[in-house]
Structure formats: structure tokens, C-alpha cells
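Please look at the sequence and the fold shown here, and keep both in view while reading.

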Amino acid sequence: MRNSANPLHAAARSTGSAALMCALAEEHGLPRSRVIAGTGIGEAALSDPAAEITAEQEARLVAALAAALPETAGLAAGARYRLATYGIWGFALLSSRTLREGHEVGMRFVDLTYALTRISAEEDAGELTLHFDDLDLPADVRRFVLLRDAVAALQLWRESLGRPVVPRRVALRLPEPADPAPYEEAFGVRPAFAAPRSVLVFDAALLDQPLPQAAPLTAALCEAQCRALLEARASRRGMSGRVRDLLLRDPQRMPGQEEVAAELHVSVRTLRRHLDEEGTSFRVVVDQTRRHLAEELLVTVGLSVEQVAARVGYSEASAFVHAFRRWRGVSPRRWAESVRAGARG
């Protein structure tokens with residue numbers, strides 16, 4: 001289970017997370033007017049429960065915050081998130097019968113969260129691993145957002161169970177810091193740094209623990225409201241976001257423009273017009289979708305160039321290598337090696 005697409009292209013979100021980030025800024029002597037300058041977020045929206053912003057706007061706010069605060073600020077930011085911060089999504093988790101049920105609902109509707117990393121989960125050999133992948137993010141926000149999202153996820157497990165939870169292992173795709181103590185304090189265990197992928201690993205037995213505030217009828221109602229809210233937000237995402245979702249259904253055989261238009265119940269001409277109004281085109285959306293997916297597969301999954309080429313719809317690896325050189329200026333193998341080297345510091 002994972003986010004459906006690049007979180008920066010996700011549906012609109014409420015301003016709850018942005019308000020928390022502004023409160024953190026003010027505690028460090030930074031006026032909120034400074035951190036929201038250039039984001040397109042108005043001060044009134046920060047206290048309006050009905051207001052919505054884009055993930056890209058929140059990322060710009062985070063960039064301003066990260067530039068002014070210590071490198072460990074993401075840890076403090078993540079500790080501020082509570083289930084109530086997420087509205088109906090948080091209440092759906094809190095009222096589930098077991099942590100497993102809450103986790104499954106949470107991942108099913110993870111696009112309703114404030115995450116800017118791509119979050120995915122897998123259970124194997126008695127362990128539950130949460131992955132936090134940040135390749136979609138601009139370099140100036142990666143550290144802050146990775147730490148924020150990982151600590152926030154841990155906070156939600158702790159709050160759901162109503163007791164302390166310490167992961168079995170934590171690995172971060174960050175260079176070894178001069179002082180790892182703040183990281184160990186935040187996670188309860190010293191992370192492994194310079195990892196190829198950022199993960200929190202838990203004892204899977206925790207998933208079957210009953211939740212103290214379980215209320216099955218409330219959980220069912222909240223889940224239905226989560227579904228309705230996600231559909232409502234998705235309808236306002238714009239045509240390019242809807243096209244990406246269709247392309248990602250089967251990346252090995254991405255549908256053509258005519259098929260996508262039919263799926264969206266519009267004519268090809270209307271599809272082109274909407275994409276043009278959003279400053280893009282069908283070809284550009286396909287190109288971007290393939291690039292983001294290819295980069296993730298190369299680094300976070302570790303597939304070969306030939307395997308990645310097939311996964312993103314290229315019949316020949318040579319065509320994929322040519323496209324990747326156009327995207328990044330280097331071969332996919334060399335790019336992946338440089339990213340891993342950067343993670344090792």
C-alpha cells in the first residue's frame with residue numbers, strides 16, 4: 001500500500017499542517033508572514049477549517065522554514081502532529097478496532113494526510129516496514145520533510161495505542177550527523193544513517209493490538225467520509241492529476257491519449273484544452289510520470305536498468321536510457337549511483 005502518485009501532485013489539502021509549521025516558525029522568532037511569503041497562502045487561510053492549499057504551496061512554506069531553522073527542525077515538527085490534526089482521517093484511525101485496521105484505513109486514504117514523502121508499507125517475517133521515499137521532493141526540503149513525516153507517523157502509532165512505541169529499527173537516507181542524540185531521542189532508537197532508503201520497522205505483532213478508543217460504527221462512518229472527501233478533492237485536482245492516476249494504473253502499458261480521454265469521459269480535444277490551460281500536455285505528463293517512477297525504481301527498489309525500462313513501458317532498454325539522458329543528462333545507472341553516494345554523505 002502506498003500513496004497513489006507523487007505527493008506534490010496530490011489533491012488539495014487543508015491548511016492544518018501549514019498552521020503547525022507557522023507555529024513552529026514563530027517559536028523560533030520567525031513571523032508567519034515571512035514563511036508564507038511567496039507561497040500564495042493567505043494568513044486568514046491558516047485559521048480557516050474550510051480553506052485548502054496545494055501540496056506544492058506547503059512545500060514552498062517548508063523550504064522557507066528549513067532554510068532558517070536547524071537541520072533537526074523536522075524532528076520537532078513531526079512531534080507536533082496528532083490524530084486530530086488530520087481531521088476525519090485521524091478519527092478513522094483512532095476509532096478502529098485494532099491497530100491493523102487503523103493502519104489499513106490510514107494507508108488506503110493516505111492521500112488525505114499532509115505527507116510530502118511517498119509512504120508505503122509492507123509486512124514480512126514478523127515485521128511491518130514503513131518506507132518514506134523523498135525522490136520527488138526538491139533538495140531544499142528533503143531533510144525537513146523526511147524527518148517530519150517519519151516522526152509524525154511514529155507519533156500516530158503511539159497515540160493510537162495510547163502508550164509508548166519504539167521501532168525495532170530506523171534507517172534514514174541522510175548523512176551521519178555530527179550529533180545523533182536528537183534523532184535517537186525522537187525515535188527512541190538510534191537510526192542507521194546513509195541508508196539507501198528511509199524506513200521505520202516495527203514488530204508486526206503490534207498490528208493486532210486492540211485500540212483503547214475503538215468504536216466500530218464511528219470507524220465505519222469516518223471511513224465513508226474519508227472516501228467522499230478524497231473523491232471530492234480529486235475532482236478538483238485538475239486534469240493533469242487525473243491523467244497521472246490513470247497512467248499509473250499499469251505503468252508497463254500506459255494508455256494512449258484517446259483511451260485516457262475515454263476513461264475521463266471527455267473528447268481528446270477537450271483533454272488537450274484542459275491540459276494546455278494547466279500549462280502542460282499529454283506527452284509531458286506521460287514523460288514526467290515515467291521519469292518519477294523510473295527514478296524511484298532505480299534507487300528505492302534497486303532494479304536493473306533493463307527491469308526499470310520494462311516497468312515504465314519501454315520495449316527496449318536503449319530507448320529508456322536515451323530518454324533518461326534527456327531527463328537527467330546522465331545514464332540511469334550513473335544517476336542512481338550518484339544518488340546513493342549522496343545519501344552516504
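The model is a predicted one, in which local features need pLDDT of at least 70 and side-chain atom pairs count only at pLDDT 80 or more, while totals for chains, interfaces and linings use all residues. Residues are numbered from 1 along each chain as its sequence is written, and side-chain values use heavy atoms, with hydrogens and water left out.

Begin with helix H3 (residues 55-68) and helix H7 (residues 142-161), whose axes come within 9 Å and cross at roughly 105 degrees. An axis is a line fitted to C-alpha atoms, for helices over the stretch in contact, and the angle runs from 0 to 180 degrees between N-to-C directions. Angles under 35 degrees count as roughly parallel, over 145 as roughly antiparallel, 65 to 115 as roughly perpendicular and the rest as oblique. H3 and H7 are therefore roughly perpendicular to each other. On H3 the contact (heavy atoms within 4.5 Å) involves Glu58, Val62, Leu65 and Ala66, and on H7 it involves Phe144, Val145 and Arg148. Five of these residues are nonpolar, none is polar and two are charged. In this sorting, Ala, Val, Leu, Ile, Met, Phe, Trp, Tyr, Cys and Pro count as nonpolar, Asp, Glu, Lys and Arg as charged, and the others, Gly among them, as polar.

Now take helix H10 (residues 239-247) and H12, with axes that come within 8 Å and cross at roughly 120 degrees. H10 and H12 are therefore oblique to each other. Met239, Ser240 and Val243 of H10 meet Leu271, His274 and Leu275 of H12. This contact of H10 with H12 has four nonpolar, two polar and no charged residues.

The loops come next. Is Arg197 buried or exposed? Arg197, in the loop between helix H8 (181-187) and strand S6 (198-203), is buried, with a relative accessible area of 18%. Buried means under 20% relative accessible area, exposed over 50%, and partly exposed in between (1.4 Å probe, protein chains only). The side chains of Arg197 and Asp133 are joined by a polar contact of 2.8 Å.

Ala194 is also found in the loop between H8 and S6. Ala194 is partly exposed, at 24% relative accessibility, and has a positive phi of about 55 degrees although it is not a glycine. His265 lies in the loop between helix H11 (257-263) and helix H12 (268-277). His265 is exposed, with a relative accessible area of 74%.

Methods: Helices (H or I, at least four residues) and strands (E, at least two) are DSSP runs, numbered from the N terminus. A polar contact is a pair of N or O atoms within 3.5 Å; within protein, one must be able to donate a hydrogen and the other to accept it, and residues adjacent in sequence count only if both atoms are side-chain atoms.
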